[in-house]
Amino acid sequence: MDTLVLNKNFFAIQITNWKRALSLLYLGHAAAVDEEYRLYDFESWREVADSMTKCAHGAIITPNFSIPIPDVISLRLYSKLPPMTIKFTRRNIYEHYDFRCCYCGTRFSSDQLNLEHIIPRSRGGKSDWENVVTACIECNTRKANRLPHEAGMALRIKPSKPGWRGPDSLLMRSGIKIRASWQRFIDTCYWDGELKI
Ligand SMILES: [Zn+2]
């Protein structure tokens, strides 16, 4: 069971599992948020649980007490938004170029793709979004340690830096299905989150 985490300004920032959600609540770092945007600390959330007829998102039941798993929690102190940049990782690079070779434009499975330095590392090429693209093994081998024009090759897909597409991209990346009850927080962030472009 997962919980949507909001910062203290009610912007969706991440999804966490129920263990961490309850631990943040227990430690007082977060408050549970109900459907009417009311906030509860650990104790009051437990009391609410007693009056609940059903726990929509499951509950933790111990011999001494039971506590519902909050659908949404809000961090008490954290007001930042997630980093606006997408991490420079193999997975993100492959996804950014949609698993295509940037030279021939063909789509491949991940085991047939390599990371390719446009300006070779041996010639001072950096490892960043501007200089690293995906290439299939054939194009990669053909280009070898040369600049594209030296190898008589051209990039069909130009290198680019992925932009922040709001928390939707974060959520899609995590592979977790967005619940209807989370959507309003996500929409708020999408429209009202401060842009750094
Ligand atoms: Zn290729």
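**Ile118 and its contacts**

I looked up what Ile118 touches: leaving aside its neighbours within four places in sequence, Ile118 is in contact with Gly125, Asn131, Val133, Pro148 and Pro159, where contact requires that the C-beta atoms of the two residues, placed from the backbone, lie within 7 Å. I note that this is a predicted model, in which local features need pLDDT of at least 70 and side-chain atom pairs count only at pLDDT 80 or more, whereas totals for chains, interfaces and linings use all residues. Residues are numbered from 1 along each chain as its sequence is written.

I placed Ile118 in the loop between β8 (113-117) and β9 (132-136); strands here are DSSP runs of E of at least two residues and helices are runs of H or I of at least four, both numbered from the N terminus. Is Ile118 buried or partly exposed? Ile118 has 19 other C-beta atoms within 10 Å and is therefore partly exposed, since buried requires 20 or more such atoms within 10 Å and exposed 12 or fewer, with partly exposed in between. I also checked Arg146, which is 28 residues from Ile118 along the chain, and found their C-alpha atoms separated by 8.3 Å.

**The five-stranded sheet**

I then traced an open sheet of five strands in the order β2-β1-β7-β3-β4, with mixed pairing, counting two strands as paired if DSSP finds at least two bridges between them. β2 (12-17) and β4 (39-40) stand at the edges with a single partner strand each, so one side of each is left without a neighbour in the sheet.

I went through the pairings in turn. β1 (residues 2-6) and β2 run antiparallel and are joined by five bridges, with Leu6 opposite Ala12 in β2. On β7 (residues 72-75), β1 runs parallel and is joined through three bridges, and Leu4 stands opposite Val72. β3 (residues 30-33) pairs with β7 in the antiparallel sense over four bridges, with Ala30 opposite Leu75.

I found helix α1 (residues 18-26) lying across β1, β2, β3 and β7, and running at about 110° to β2; the axes are lines fitted to C-alpha atoms, for helices over the stretch in contact, and angles run from 0 to 180 degrees between N-to-C directions.

**Whole chain**

Finally, I recorded that the chain holds six helices and nine strands, and that 23% of its 197 residues count as buried. Among contacts between residues at least 6 apart in sequence, 58% join residues at least 24 apart.
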